[in-house]
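Please keep the sequence and the structure in view while reading.

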Amino acid sequence: MPALATGAGHEPGLYELLAALPSQLQPHVSRPEDNTFLQDMFGERSLHSLIKIHEQLQLYEESKPVPVLDSAAALAHELSKELEGKSANGEIKELLHLLAKPHVKSLLSVHDTIAKKSYDPELPPLPEDIDADEDSVKIIRLVKNKEPLGATIMRDDHTGAILVARIMRGGAADRSGLIHVGDQLKEVNGIPVDDKKPEEIIRILAQSQGAITFKLVPAVKEEAPSKEPKVFMKALFDYEPKQDKAIPCKEAGLAFKMGDILQVMSQDDATWWQAKHEGEENPRAGLIPSKQFQERRFALKRPVATLPLQKTPSRQSSGFRRSFRLSRREKKTNKTMYECKKSEMYDMADVPTYEEVTQYRRPSGAKHRLVMLVGPAGVGLNELKRKLLISDPQHFSVTIPHTSRAKKNQESDGVEYHFISKHLFDTDIQNNKFIEYGEFKGNYYGTGLDSIRSVLSKNKVCLLDVQPHTIKHLRTAEFKPFVVFVKPPRIERLKETRQSAKMISGKDDKGTAKSFTDEDFQEMLNTAQTLETQHGHLFEKVIVNDDLSAAFSELRLALKKVETETHWVPVSWTHS
Ligand SMILES: Nc1ncnc2c1ncn2[C@@H]1O[C@H](COP(=O)(O)OP(=O)(O)OP(=O)(O)O)[C@@H](O)[C@H]1O
């Protein structure tokens, strides 16, 4: 931008800069509406006023003003009293009128507060009727602002006493350091609480303004002050405390979404942990269900979406992908020709709650993270993979599958397939060497773990396109998979974009191509929905494959970031 033209030897003030900006910017703005917007914005009167105030304040700051007196309010009061007795002329009347105005009074009071620099709230004196025998009683005064107190209370079932149940980390009560878990609450603002229900006490607290006085019997053992814990958990489910009937105090709850990173501040309570969102400035923690509690609830509820999947229909569906993606060499024919032998059942042992995570950045020269692409069949995984391979064949690669079928004349071992005997294939299955395998026309086909290792050891990014149930087997420190879910757009866009697309059907051995039907689209969407419900917590990136080139660019960028930026990964991946 060119330098602003200001008078020689004259420092441009903010105000002048603002006035000059629209004309200075004009040559750089092509659209008239942008120009109008800029003119309006910089011409806004309130902005000009603010800048003027800013400049004036700066002048004051430079001259370091000190208050002449810090009792302007009292002086004004005295003056008013004195003038009231005098015979009133017009000017005196006006002055009295001005000094009586609440705004002027407030202004003078604010002036005095600032002049005295007395920003702390004034507390009323301690009550005189403290029982001398009650040496264990603590009187505490906290000044309440809009922020909640950050403590929960409960009635002790045996003694009936009202106890402090929980102190939210970083909240007002915690910061005061005066209230502790187990303290017995005797009075709030002089009101005895022994006979009150916790809800009534909460109401009293909510209605209290300014300083609140608590009379407490301290708990026997006071909590040792602890350092801010550095446990980070990735949330694997959505949580909304307002909808949670079990939470002891809805206002104290912390809402979060699947994929959010939470800093867990306390796991002292078996049922309710305390946490805040990672990076959140506000130190106050909120309640979240503990891992164990959430697992228990999940097991009891067991929503329909997590029940075992239906058996694959006999019809060759465009739903769950059953291929091992043997098509690295344009050989789409083999894509869907065999059934997968691995279970597609949802594993109830993997209840998605929280996963402890830590930040990880791939050291330069270290092996790349495995890139797993998942999505419903026909959504475009192959197409995206193909584009990546073409875009940078030196950087991206795919696995070479194994087969027990005989090698054809034009084929070479280790190019189209690794050709091995049926016996060896069987042994490898027993030894868990395959991520996926299947049988077609009496021959085995499969993707081996070693074939991934082989790609990674060449310092290439391995693109793997598999069924989602395999993700959990590959989530190891060795592979550190980055899981991308490719999702279809809404049905109208799906139909629009796939008008000339062909689906490769594996129904017959020839892998004939056919156009998508409405049923195929619907099935693709249903499958996507099911995959997301069941495995969504494992997806690190979701890409909607609407416009193909946009989806490709998004994928490319995400993969670049995985290679160069810091990401949250399971703690266990960095401990090896
Ligand atoms: N965004 C898109 N816009 C238009 N056509 C697309 C788009 N994405 C994929 N296609 C087309 O859809 C068809 C299916 O894509 P592709 O073979 O990549 O799917 P897939 O997920 O690998 O499915 P399958 O598991 O059945 O092999 C192809 O003809 C492909 O060119």
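Cys-462 is found in strand S19, which spans residues 461–465; helices (H or I, at least four residues) and strands (E, at least two) are DSSP runs, numbered from the N terminus. The model is a predicted one, in which local features need pLDDT of at least 70 and side-chain atom pairs count only at pLDDT 80 or more, while totals for chains, interfaces and linings use all residues. Residues are numbered from 1 along each chain as its sequence is written, and side-chain values use heavy atoms, with hydrogens and water left out.

**Surroundings of Cys-462**

With a relative accessible area of 0%, Cys-462 is buried, where buried means under 20% relative accessible area, exposed over 50%, and partly exposed in between (1.4 Å probe, protein chains only). Once its neighbours within four places in sequence are set aside, Cys-462 is in contact with Leu-370, Val-371, Ser-397, Thr-399, Ile-452, Val-455 and Leu-456, contact being defined as heavy atoms within 4.5 Å. Cys-462 and Met-372 lie 90 residues apart in sequence, but their C-alpha atoms are 8.3 Å apart in space.

**The sheet**

Strand S19 belongs to an open sheet of five strands, ordered S14-S19-S13-S20-S23 with parallel pairing; two strands pair if DSSP finds at least two bridges between them. Strand S14 (396–398) and strand S23 (541–544) each have a single partner strand and stand at the edges, so one side of each is left without a neighbour in the sheet. From one strand to the next, the twist averages 30°, with axes taken as lines fitted to C-alpha atoms, for helices over the stretch in contact, and angles running from 0 to 180 degrees between N-to-C directions. Strand S20 (residues 482–487) pairs with S23 in the parallel sense over four bridges, and Val-484 has Lys-541 in S23 as its bridge partner. Helix H12 (residues 449–457) packs on this sheet, where it touches S14 and S19, and its direction makes about 150° with that of S19.
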